[in-house]
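Please read the points below alongside the coordinates. They are notes for a colleague, taken residue by residue and then by packing.

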Amino acid sequence: MHAGSLAAALRAGDSPVGAWSTIGHPVVAEVLADEAFDFVVLDGEHSENTIDDLAAGVRAVEASDGGADPVVRVASSDAADIRRVLDLGVAGVVVPQVDSADEARDAVEAAHYPPDGVRGVAGSRASGYGSDLAEYVETANEAVATMLQIETAGAVDDVDEIAALDGLDALFVGPADLSARLGVFGEFDAPVFRDSIEAVVAAAENEGVPVGTLATTPDEVAVRRDDWGMDFVVAGTDVGSLRAGAREFLDET
């Protein structure tokens, strides 16, 4: 894959593999991007990252030789949060805590220029600081992946309507939050959780929309991809990899 192709890969039915980064230093993002990941998600919700940190991370991913695409999870579904991140020139956004079809519709519209949405036009980094503004406005709606997180009971209830939204490129299940909202935190085999996963996957398949999730350990990758029926997986976090590597060395001392 090459930069800017995540949206196309998702629409083509490919299974891109991502990595998750919460550490607010560009070296971490660059190291992850140098591996064979297709994209790196920089976390703007559950992290200390400022907009400056996210911008540095986007540049680091793009500067690497690995060909990974920079993606940002925004802080919320607020249109201003989405707009600021898109203006960095990301290949995709992940929108968290969507609780209804109406919120989902608003988030998708915030990520798209008119006439498909309400994204504001500005000469930002995404458009070469204005030098490529006309071309960027013309192509961004198709080139940038819009992904909505399904991690609340309300989103599960409305998942059929959410999956049918024009302009949506993927659903992304947040296992920790979804299980917590369902009253079974961390109990991923609980019937209510598995029923919710099945509902999300069925809605996505019905609309031809890919659905992905996060695997925080190597053992979870196959389970969540194959057993849960996910189309793509974010395989690990920077913090998790750091801890696992440290413990592996400690086990040998």
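This is a predicted model: local features need pLDDT of at least 70, side-chain atom pairs count only at pLDDT 80 or more; totals for chains, interfaces and linings use all residues.

1. Alanine 79 lies in helix H4; helices here are DSSP runs of H or I with at least four residues, strands are runs of E with at least two, and both are numbered from the N terminus. Alanine 79 is partly exposed, its relative accessible area being 33%. The cut-offs are under 20% relative accessible area for buried and over 50% for exposed, with partly exposed in between, using a 1.4 Å probe and protein chains only.

2. Residues are numbered from 1 along each chain as its sequence is written, and side-chain values use heavy atoms, with hydrogens and water left out.

3. Aspartate 81 is also in helix H4, which spans residues 79–86. Its relative accessible area of 27% makes aspartate 81 partly exposed. Leaving out neighbours within four places in sequence, aspartate 81 is in contact with Val74, Ala75 and Ser76, where contact means heavy atoms within 4.5 Å. Between the C-alpha atoms of aspartate 81 and methionine 147 the separation is 14 Å, and the two residues are 66 residues apart along the chain.

4. How do helices H2 and H3 pack? H2 (residues 26–34) and H3 (residues 51–63) meet at an angle of about 30°, with axes 8 Å apart. Axes are lines fitted to C-alpha atoms, for helices over the stretch in contact, and angles run from 0 to 180 degrees between N-to-C directions. H2 is therefore roughly parallel to H3; angles under 35 degrees count as roughly parallel, over 145 as roughly antiparallel, 65 to 115 as roughly perpendicular and the rest as oblique.

5. On the H2 side, the contact is made by Pro26, Ala29, Glu30 and Ala33, and on the H3 side by Ala56, Gly57, Ala60 and Val61. By class, this contact of H2 with H3 has 6 nonpolar, 1 polar and 1 charged residues. Ala, Val, Leu, Ile, Met, Phe, Trp, Tyr, Cys and Pro count as nonpolar, Asp, Glu, Lys and Arg as charged, and the others, Gly among them, as polar.

6. Serine 64 sits in the loop between H3 and strand S3 (69–73). Serine 64 counts as buried, at 10% relative accessibility. Beyond four places in sequence, serine 64 touches Glu30, Ala33 and Asp34.

7. The largest nonpolar core has 58 residues, and Leu148, Ile162 and Leu171 have the most contacts inside it. A nonpolar core is a set of buried Ala, Val, Leu, Ile, Met, Phe, Trp, Tyr and Cys residues joined through side-chain atoms within 4.5 Å. Helix H10 (residues 191–207) gives the most to this core, with 6 residues. Apart from this core lies another, of 15 residues, among them Trp20, Phe39, Val94 and Phe232. Beyond four places in sequence, leucine 171 touches residues including Leu148, Ile162, Val200 and Phe232.

8. With neighbours up to four places away left aside, valine 108 is in contact with Thr146, Leu148, Leu165, Asp166, Gly167 and Leu168.

9. Alanine 155, in helix H7 (residues 153–157), is buried at 0% relative accessibility. Outside four places in sequence, alanine 155 is in contact with Val98, Asp99, Ile150 and Ile162. The C-alpha atoms of alanine 155 and alanine 101 are separated by 7.1 Å, though 54 residues apart along the chain.

10. A cis peptide bond, with omega about 10°, joins proline 114 and proline 115. Glutamine 97, not a glycine, has a positive phi of about 55° and is partly exposed at 25% relative accessibility. Tyrosine 129 likewise is not a glycine and has a positive phi of about 55°; tyrosine 129 is exposed, with a relative accessible area of 56%.
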